[in-house]
Amino acid sequence: MRGRSQPALLLQSCYGLILADWRWNFRSSEPSVRKAFQQGLVIGSDCNGSVNGWSCTQVSPPSPREHKRLRGISLHDHAGEMRMLAMDYRGPYRVRADHKPMPRILHPEDAIVRVTRSCICGSDLHLYHGMVPDTRIGMTFGHEFTGIVEEVGPEVRNLAVGDHVLVPFNIACGKCHFCQQGLFGNCHESNSQATAVGGIFGYSHTAGGYDGGQAQYVRVPYADVGPCKIPAGMDLDDAVLLTDVVPTGYQAAEMGGIQRGDTVVVFGAGPVGIMAARCAWLFGAGRVIVIDHLEYRLEFARRYCPAEVYNFRSVEDPVYFIKKITDSLGADVCIDAVGGDAAGSALHTLLGTKLKLEAGAATALHWAINSVKKGGIVSIVGVYGPTGNLVPIGNVVNKGITIRANQASVKRLLPRLIEHVQAGRINPKALITHKVPLEEVSDAYHIFSAKLDGCIKPVLVPSAENVA
Amino acid sequence: MSPETLAAQQRIDPADVVGWGVDADPANNPTYPMRDISQDSKGGLNWPRPALQPETVEVLRSTEHNRRTAVFGTSTPPSGLSGAIRRQAFKSSEGKWSHWLMLMAADRINVVEGLGEDLMRGRVPNIPGEMGIRSEIAHNMPGLIRKVAVAGALMTLAYGLVRSRQSASRRSSVSRRHR
């Protein structure tokens, strides 16, 4: 490994863990927070100890039992292989932080990146809930991350050791038929295991079998194509959301073909839905409406986007409601930013979420098709599995609806989105409600999945960052 | 309150929204990116391929791919019974339901294999911890109590049913013997 030596880095990481007397917790802002940050528990120019009113604080030392566990951590396994801390999938609703072999360069265009921020995405919850086929025990998730380049393969030209990069969630070769068309989410040279999707970091073997970025280190294939150096002065929390949330939300609006004055309905007030609603204005929407059932998220969307927000639990029938507030015509554009984990229909929940007989509960898509006007556009960025879903396809035909969908083509969109962030038109980091040490990945997933503690977007911070 | 009144209360003036219309594009109707045929590769898989990653672990390949992709992930290669099922699944195309259903079945078996692996390494998995029990205690204690109460009630009910069946069968066998 170039730059700092690998043993030194690992020693530092391990030191950070042994000193895990420093445990973090979310508390209201207080002076000790700043002290903890000054002591080097967290690095990053953006770290001021407070995230939307929540702070990473230094709390009591670990229990003797935990101390014992931490002391047991070894830099090497029995075969003498280097180890790192990483998220480890153990089955539906079960993840933990564990020690795994360090990633290595396996291809001349690879880079090894030391992760500085790694988000948990709403689509990671589909994996967490056991909804995506070929999600194997022992895999590391995480497709939204930033990091510092630690090592590059012999054919990497655009990156150097020490570059701080944001890494798009798509793995793209940049040369194939699809990449040449700007469809970087549909690369044909990054996923041997399916043609239905391109390679994605940490997103099951259906998306290529790559370990993801919820770890201290990650292997990044085609390092000259995807990763983008973080512009000087850009907040790291803004940068990490440019890897997926912002491009996906933006592309959802873009695929809607929004014309000036259009009424846009976004189903889902998760991070992507909120961003899609925000971006709908950039394309000239005349009305932006967000539908969800979580009041705290709707309230956030009302202020952040801004948008008209409605709780589908209080309007009973969201399709009827949307027709009523659009002169019975329906919305010009409907965006499904929910995917297979949707609530709101007992039938879809039973078939899609519980029995797995559908590729997820397609409630939001069902509503989108029925709520859009004749000749309107339905844009889908919510994630569904590869099998099938019960949706009213007859209505699609009879209403002449255009359906547009894709994984976001992050690389194509990044230049424009960086401009938007730098101009203050989009403020991604405001979505982040929780910053959690990688060691506490189990709790972070549960909080996000169960929608506890007002969670909108959790970010994991690997322990190497504590001591680097 | 009628939907129309509710909506009128929330109306937003687009002119007040920062950045409104900066990316408006009348040509974006309905499709962008438009297909650029000048960039199309003629004759299929004829682009200059990246170098090929050496295959150091078993990587399953979709039957719909003519060749292995230049790079691939090496996480968790197939192993054990779940691996055998996955290999079988990859004999059929992605268009078959059986392909995906077999993979889902393999995933479930893999969970049991993972538990076995942990135990073989002398590690008893902390399942409540892995499921985020600490955050549940911290942020959803009433919910946790409710779940525990429901689970307890169900278990008690199940236990009661089993016991009553056992005693009923015991009574019937005693009465048969008496006869």
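This is a predicted model: local features need pLDDT of at least 70, side-chain atom pairs count only at pLDDT 80 or more; totals for chains, interfaces and linings use all residues.
Over all chains, the count of salt bridges comes to 35. One of them joins Arg94(A) to Glu130(B), with the closest N and O atoms 2.7 Å apart. This pair crosses between chains: Arg94(A) sits in strand 4 (residues 94–101) of chain A, and Glu130(B) sits in helix 4 (residues 127–130) of chain B. Residues under 20% relative accessible area are called buried. Arg94(A) counts as buried because its relative accessibility is 7%. Glu130(B), at 2% relative accessibility, counts as buried too.

Another part of chain A is held by Asp237(A), which takes part in a salt bridge with Arg117(A). The closest N and O atoms of Asp237(A) and Arg117(A) are 3.1 Å apart. Asp237(A) and Arg117(A) are both buried.

Asp237(A) also forms a salt bridge with Lys435(A), where the closest N and O atoms are 3.0 Å apart. Lys435(A) lies in strand 18 (residues 434–437) of chain A while Asp237(A) lies in helix 6 of chain A, so the pair ties together parts that are 198 residues apart in sequence. Lys435(A) is buried, as is Asp237(A).

Salt bridges can also share partners, and in this way a set of residues from chains A and B is joined into one network. Among its members in chain A are Asp88(A), Arg90(A), Arg94(A) and Arg96(A). Members in chain B include Asp118(B), Arg121(B), Arg123(B) and Glu130(B).

The last stop is in chain A. Strand 13 (residues 287–292), helix 9 (residues 295–304) and strand 14 of chain A make a right-handed β-α-β unit. Strands 13 and 14 of chain A run parallel and are joined by 4 bridges. Val290(A) has Val309(A), in strand 14 of chain A, as its bridge partner.

In a regular strand, side chains alternate between the two faces of the sheet. In strand 14 (residues 308–311) of chain A, Glu308(A) and Tyr310(A) point one way, while Val309(A) and Asn311(A) point the other way. Glu308(A), Val309(A), Tyr310(A) and Asn311(A) are all buried.

How values were computed: Residues are numbered from 1 along each chain as its sequence is written. Chains are lettered from A and ligands numbered from 1 in the order in which they are written. Side-chain values use heavy atoms; hydrogens and water are left out. A salt bridge is a side-chain nitrogen of Lys or Arg within 4 Å of a carboxyl oxygen of Asp or Glu. Helices (H or I, at least four residues) and strands (E, at least two) are DSSP runs, numbered from the N terminus. Buried means under 20% relative accessible area, exposed over 50%, partly exposed in between (1.4 Å probe, protein chains only). Two strands pair if DSSP finds at least two bridges between them. A crossover is right-handed if, with the strands pointing away from the viewer, the path from the first strand over the helix to the second runs clockwise.
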